[in-house]
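I opened this notebook page to record what I looked up in the model, beginning with the whole chain and then turning to single residues.

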Amino acid sequence: MAVRQTGISLVELMIAMTIGLIMIGGAFTIFIQVKRSYNENEKLMYMQDDARFALSELTRDIASAGFFGELSDPASLGTDTSLTISQDCGPPATAWAYDVTTQIETLDNTNGATAATQYSCIDPGAFQDGTDVLAVKRTIGSISTPPLSAGQVYVKSNGVVALLFQHPEDVPSAVPVPLP
């Protein structure tokens, strides 16, 4: 009569442990892949959110390009003779911000030195080379009410003609719209 074995043999135990380790390794590999996928999706989500915010800001600014206090013809925008052009951000040889014929200007794939040459308000040290510059000329969309800020440039408009002036000059009778 044969003796019946109770329990498991060493070989069976080794096979069961090997199968268990393979299953745990597979589960661990799946966990690592899911974690990497989650991290990549999270990075993509943040990039999309940043891009969405940037596009929202650009859309608002570009849609307002050429807005000069509800002026129907920007070419009729005049400049107060006492206006200080030194606050202009554009090219040094011109009164860039006060030339309303071109509302949007760009520099494509430029460096800090070139950007600072074209726009005096750009710090070349803080500028990342290989990026673009988008310059939009417009007035701020809200209407200012007195008291006006000293040194700020404003637009006085009646919808047909307009005048750029800098406070504290004689404050016009119409409520002005500030330039950014």
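What percentage of the 180 residues in the chain do buried residues make up? I noted that 24% of the 180 residues are buried, where buried means under 20% relative accessible area, exposed over 50% and partly exposed in between (1.4 Å probe, protein chains only).

I kept in mind that this is a predicted model, in which local features need pLDDT of at least 70 and side-chain atom pairs count only at pLDDT 80 or more, while totals for chains, interfaces and linings use all residues. Residues are numbered from 1 along each chain as its sequence is written, and side-chain values use heavy atoms, with hydrogens and water left out.

I then looked up the fold: the chain has 2 helices and 6 strands, in the sequence pattern α-β-β-α-β-β-β-β; helices (H or I, at least four residues) and strands (E, at least two) are DSSP runs, numbered from the N terminus. Of the contacts (heavy atoms within 4.5 Å) with a separation of 6 or more, 60% are between residues 24 or more positions apart.

Next I turned to Thr-110, which is placed in strand E2 (residues 104–110) and counts as buried because its relative accessible area is 8%. Its C-alpha atom is separated by 5.1 Å from that of Gly-130, 20 residues apart along the chain, and, leaving aside neighbours within four places in sequence, the contacts of Thr-110 include Ala-115, Phe-127, Gly-130 and Val-133.

Finally I checked Leu-13, which lies in helix H1 (residues 10–63) and is partly exposed, with a relative accessible area of 36%.
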